[in-house]
Amino acid sequence: MNRRDILCLGTGICVSVTAGCLGSNGDSAGSNADDESLWTTGSTDEQDSNDSGSPDDDPTAQFTIGDPSETGASHTMYVRNETDDERSITVQIDRDGESVLDRTEDVPADAFLEIVLAESGTYEAAVESETMRTTTSITRPDDDCEESRTLVTLRDGGIETDTSIRC
C-alpha cells in the first residue's frame, strides 16, 4: 500500500465516523416549532416557571418603557440572578440611540428584574454585574406576535442571553 491509499482510507473512515456523530437525536419531521420547552427558563421545577418562560414569583423591580395599552405588543426582558448571593445589577437600555433606562438594582439570589419594552423601535440593552457584562439588540415584534422575551441569566460562571419570539 502506498501513502495515497492510506490517506484515502483514513479520510474515508474519519468522514464516516463524523457523519454518524453529527446525526440528530430525534426525527426532525416530528419536531414542533411551538415546543413549550423553548419558553421555559431552564428550570425543571414547575414551581419556578410557567409556560411563558417568566418566573411565577413577583419581580424584585419592574420597569415599563412606553404604554403597553396603546401598542398591543411588547417585549419583556427578564434579568435573573441565579447565583447564591445578592448582586448589584446595572441595566442600561437605549431606544433608537436615546437612553430610556439606566438603573442599578440590588437583586437577591434567585430573583429577577422585569422590563417591559412597549414602544416600537430598536433597543440596545446592556446588563452588567461586577466583572460580567453583556449587550444585546432587541427589535420589538409586530402586533401579531403572541409573545416576545429576552432572558438574561447571571450565573457564577458568566451571563447567558436568550431571546425568543413566538408569532
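A: Two strands count as paired if DSSP finds at least two bridges between them. With that in mind, and remembering that this is a predicted model, one can follow an open sheet of 4 strands, whose order is 4-3-6-7 and whose pairing is antiparallel.

Q: Which strands stand at the edges of this sheet, and why is one side of each left without a neighbour?

A: The edges are formed by strand 4 (98–107) and strand 7 (132–139), and because each has a single partner strand, one side of each has no neighbour in the sheet. Between neighbouring strands of this sheet the turn is 15° on average, with direction ignored.

Q: How many bridges join strand 3 to strand 6?

A: Strand 3 (residues 87–95) and strand 6 (residues 122–129) run antiparallel and are joined by 6 bridges; for Gln92, the bridge partner in strand 6 is Ala126.

Q: What are the partners of strand 5, and in which direction do they run?

A: Strand 1 (residues 61–65) runs parallel to strand 5 and is joined to it by 5 bridges, with Ile115 as the bridge partner of Phe63. Strand 2 (residues 75–81) runs antiparallel to strand 5, with 7 bridges, and there Glu114 is the bridge partner of Tyr78.

Q: Which way do the side chains of strand 5 point, and are they buried or exposed?

A: In a regular strand the side chains alternate between the two faces of the sheet. In strand 5, Ala111, Leu113, Ile115 and Leu117 point one way, whereas Phe112, Glu114 and Val116 point the other way, and all are buried. Buried here means under 20% relative accessible area, and strand 5 (residues 111–117) has 7 of its 7 residues in that class.

Terms used
Residues numbered from 1 in each chain as written. Predicted model: local features only at pLDDT ≥ 70, side-chain atom pairs only at ≥ 80, totals over all residues. Heavy atoms only, no water. Helix = DSSP H or I, 4+ residues; strand = E, 2+ residues; numbered from the N terminus. Axes fitted to C-alpha atoms, helices over the stretch in contact; angles between N-to-C directions. Buried < 20%, exposed > 50% of the residue type's maximum accessible area, 1.4 Å probe, protein only.
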